[in-house]
Amino acid sequence: MTDLRVNLCGVELKNPVIPASGTFGFGREFDEIYDISLLGAVATKGLTLEPRLGNPVPRIAESRGVILNAVGLQNPGVEHFLEHDLAWLRSKTRVIANVAGRDMEDYAGICARLDGLVDFLELNISCPNVKCGGMALGVKPENVENVTRIAKAALKATPLIVKLSPNVENIAENARAAEAGGADCLSLVNTFTGMAIDIEKRRPVLANNTGGVSGAGIKPIAVRMVYEVAHAVRLPVVGMGGIVCAEDAIEFLMAGATAVQVGTQNFTDALACPKIIEGLDKWCASHGVARISELVGVAQMNG
Amino acid sequence: MRELTATVLENKQIAEEIYSLTFACEEPVKVRAGQFAMVGVDGFPLRRPIAVCKAEGERITLCYRLKGEGTRRLASRYSRGEKISVLLPLGNGFSVTEEQKRVAVVGGGVGIFPLIAAIREYAESKEIYAYMGFRGKEAICMQYEMQRGKELVIATDDGSVGYRGTAVQAFMEDIDRVKPHVVLACGPTPMLRALKSATAGRDLPVYVSLEERMGCGVGACLVCVCDLRGGGHARVCKDGPVFGIGEVEL
């Protein structure tokens with residue numbers, strides 16, 4: 001048995017595998033398929049202070065090796081989550097509350113509301129499907145630094161993860177901006193903005209026209225970005241983008257991620273996360289790796 | 001619901017652009033009429049939501065239309081003996097109460113297949129009147145399954161077989177004679193809208209099974225929502241796919 005435990009900002013996870021925000025709800029549905037207490041943590045559906053209805057349908061499309069989504073942050077609101085889901089989810093595993101807002105005040109408000117109640121806050125400053133806030137906040141380094149500082153000021157007990165957008169000029173610069181703003185950890189990548197066109201109808205498949213691209217096809221770009229960010233800051237990094245199997249997860253660890261998130265693959269295979277956890281154990285055992293944390297950042301660049 | 005690897009027993013064309021896929025699960029699966037499966041297609045990140053047509057112990061049959069690359073791949077890639085990844089049973093399914101003795105089923109397009117499941121489930125205990133619409137003669141399939149009920153009317157757009165017109169029109173011509181206690185319907189949205197306006201004002205429960213592009217299929221991702229009449233959304237995969245016709249905006 002490999003020691004799969006990892007330490008993220010002083011919080012121990014039983015393994016580094018976390019279902020990504022937006023693909024797993026608050027865990028209840030997947031818990032009908034397998035016991036989600038075997039997961040390292042769960043990143044919740046993106047939460048806002050008020051309930052949100054999200055975008056019109058269709059909200060999802062497929063392209064070779066990837067999907068596009070434009071759900072638009074539909075969620076029942078943070079109070080509903082606190083009342084109905086949090087206690088149950090915390091009894092299962094570590095909870096990463098993914099949060100979003102329309103403006104700086106929203107971010108401060110939701111962070112203050114969740115402070116001390118969850119294991120981590122994950123700041124979604126990069127959701128490409130929300131027109132106000134969202135993307136605008138996550139693109140410019142000065143905005144990234146500002147929103148991080150405001151969120152951090154509202155948090156006394158809970159570590160802050162800033163989730164970075166890949167739709168930027170220089171992701172390492174944005175990572176440094178989040179670090180300067182006081183982030184405790186960074187997660188990346190969120191989805192890439194894309195479009196799929198229905199050629200019979202001569203219009204985009206998604207009602208929102210554009211959506212976030214995720215899935216196996218984005219993995220090499222995500223690995224490169226995780227590598228760049230992990231080497232640009234002193235903060236721990238949670239890597240994601242197209243992870244399908246344990247070997248993919250190991251790539252992210254070697255690029256510098258302490259833990260990983262799995263998103264789209266939960267749709268392809270509901271048992272994706274447990275299979276990846278099992279696969280990590282097997283891979284480590286067959287490669288003489290006693291502790292998975294030994295793999296973090298070990299990839300050596302070619303001359 | 002269970003994630004499982006099943007073995008394909010048969011995957012064959014049964015009508016114009018319609019395929020029937022039968023697979024064996026490792027153990028019997030209890031499926032209610034109107035429930036569906038998410039079917040994995042090798043090389044495609046999203047699974048295809050397909051209504052269960054027949055569930056016989058561990059043998060499950062789903063019927064699907066060749067609609068795009070994914071369903072074409074499903075038709076060409078999976079033959080007898082192949083392993084296929086499926087998640088099932090999903091969704092709420094139809095429910096008919098004890099008192100509802102006369103059941104009308106109204107279907108069109110691939111919507112006829114979950115209704116075949118309903119006919120199979122209730123054929124013994126209820127009087128079933130089926131109204132099934134097809135484009136034309138070449139599209140008709142599984143007639144022996146549709147005939148399990150008390151009466152069957154086949155409607156074709158071109159009149160090549162049976163009633164000339166839509167399934168809804170055929171049903172409305174019979175409604176006062178048959179006096180159904182409940183209606184179960186599945187088909188294209190325009191068909192469901194026509195049914196809604198045709199039955200408006202009658203004291204008759206009508207249940208419709210909806211179709212939407214899905215992500216997870218289990219209620220977690222909030223991709224496949226429909227609008228509720230009183231405002232807000234419901235998840236087609238988890239809260240549905242069957243809704244009271246008055247509950248949802250069509």
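K179(B) lies in the loop that runs between α4 (167-178) and β11 (182-186) of chain B. The structure is a predicted model, and every value below is computed from it. K179(B) has a positive phi of about 45° although it is not a glycine. With 11 C-beta neighbours inside 10 Å, against a limit of 12 or fewer for the exposed class, K179(B) counts as exposed.

### Backbone geometry

Most residues other than glycine have a negative phi, and most peptide bonds are trans. The exceptions described here are listed in the table.

| Site | Feature | Value |
|---|---|---|
| K179(B) | positive phi | about 45° |
| C9(A) | positive phi | near 55° |
| G256(A) | positive phi | about 130° |
| V57(A) and P58(A) | cis peptide bond, omega | about 0° |
| L88(B) and P89(B) | cis peptide bond, omega | about -10° |

C9(A), in the loop between β1 (6-8) and β2 (11-13) of chain A, is a residue other than glycine with a positive phi. C9(A) has 16 other C-beta atoms within 10 Å and is partly exposed.

P58(A) is placed in the loop between β4 and β5 (60-63) of chain A, whereas P89(B) is found in strand β6 of chain B.

### The eight-stranded sheet of chain A

Chain A contains an open sheet of eight strands with parallel pairing, in the order β3-β16-β15-β10-β9-β8-β7-β4. The edges are formed by β3 (17-19) and β4 (41-43) of chain A; each has a single partner strand, so one side of each is left without a neighbour in the sheet. From one strand to the next the twist averages 25°.

Helix α9 (residues 246-255) of chain A is mostly covered, with seven of its ten residues buried. The buried residues are D248(A), A249(A), I250(A), E251(A), F252(A), L253(A) and A255(A). They pack against the strands β3, β15 (237-240) and β16 (259-262) of chain A, and also against α8 (219-230) and α11 (272-286) of chain A. The strands β3, β16 and β15 also belong to the open sheet.

### Contact between the chains

How many residues of each chain take part in the contact between chain A and chain B? On chain B there are 23 residues, in contact with 30 residues of chain A. In chain B, β1 (2-15) and β6 (83-90) each supply at least two residues of the side that touches chain A. By class, that side of chain B has twelve nonpolar, five polar and six charged residues.

### The domains of chain B

Chain B is divided into domain 1 (2-90) and domain 2 (102-209). Taken over C-alpha atoms, the centres of these two domains of chain B are separated by 24 Å. Their contact involves 13 residues of domain 1 of chain B and 14 residues of domain 2 of chain B. On the domain 1 side, β1, β4 (48-56) and β5 (59-65) of chain B each supply at least two residues. The largest share, four residues, comes from β4(B). By class, the domain 1 side has nine nonpolar, one polar and three charged residues.

E138(B) is found in the loop between β8 (127-134) and α3 (143-146) of chain B. It has 14 other C-beta atoms within 10 Å and is partly exposed. Leaving aside neighbours within four places in sequence, E138(B) is in contact with A15(B) and E16(B). The C-alpha atoms of E138(B) and G187(B) are separated by 18 Å, and the two residues are 49 apart along the chain.

### The nonpolar core

The largest nonpolar core has 192 residues. Those with the most contacts inside this core are L186(A), V226(A), A257(A) and V260(A) in chain A, with A37(B) and L62(B) in chain B. Helix α2 (residues 112-122) of chain B gives the most to this core, with eight residues. Domain 1 and domain 2 of chain B each contribute at least three residues to this core.

Which residues does A37(B) touch, not counting residues up to four places away in sequence? They are I50(B), V52(B), I60(B), L62(B), V86(B), L87(B), L88(B), P89(B) and L90(B). Among them, L88(B) and P89(B) are the pair joined by a cis peptide bond.

Terms used:
Residues numbered from 1 in each chain as written. Chains lettered and ligands numbered in written order. Predicted model: local features only at pLDDT ≥ 70, side-chain atom pairs only at ≥ 80, totals over all residues. Pairing = 2+ DSSP bridges. Axes fitted to C-alpha atoms, helices over the stretch in contact; angles between N-to-C directions. Contact = placed C-beta atoms within 7 Å. Nonpolar A, V, L, I, M, F, W, Y, C, P; charged D, E, K, R; others polar. Buried ≥ 20, exposed ≤ 12 C-beta atoms within 10 Å, placed from the backbone. Domains from an automatic or database assignment. Core = buried A, V, L, I, M, F, W, Y, C linked by C-beta atoms within 7 Å.
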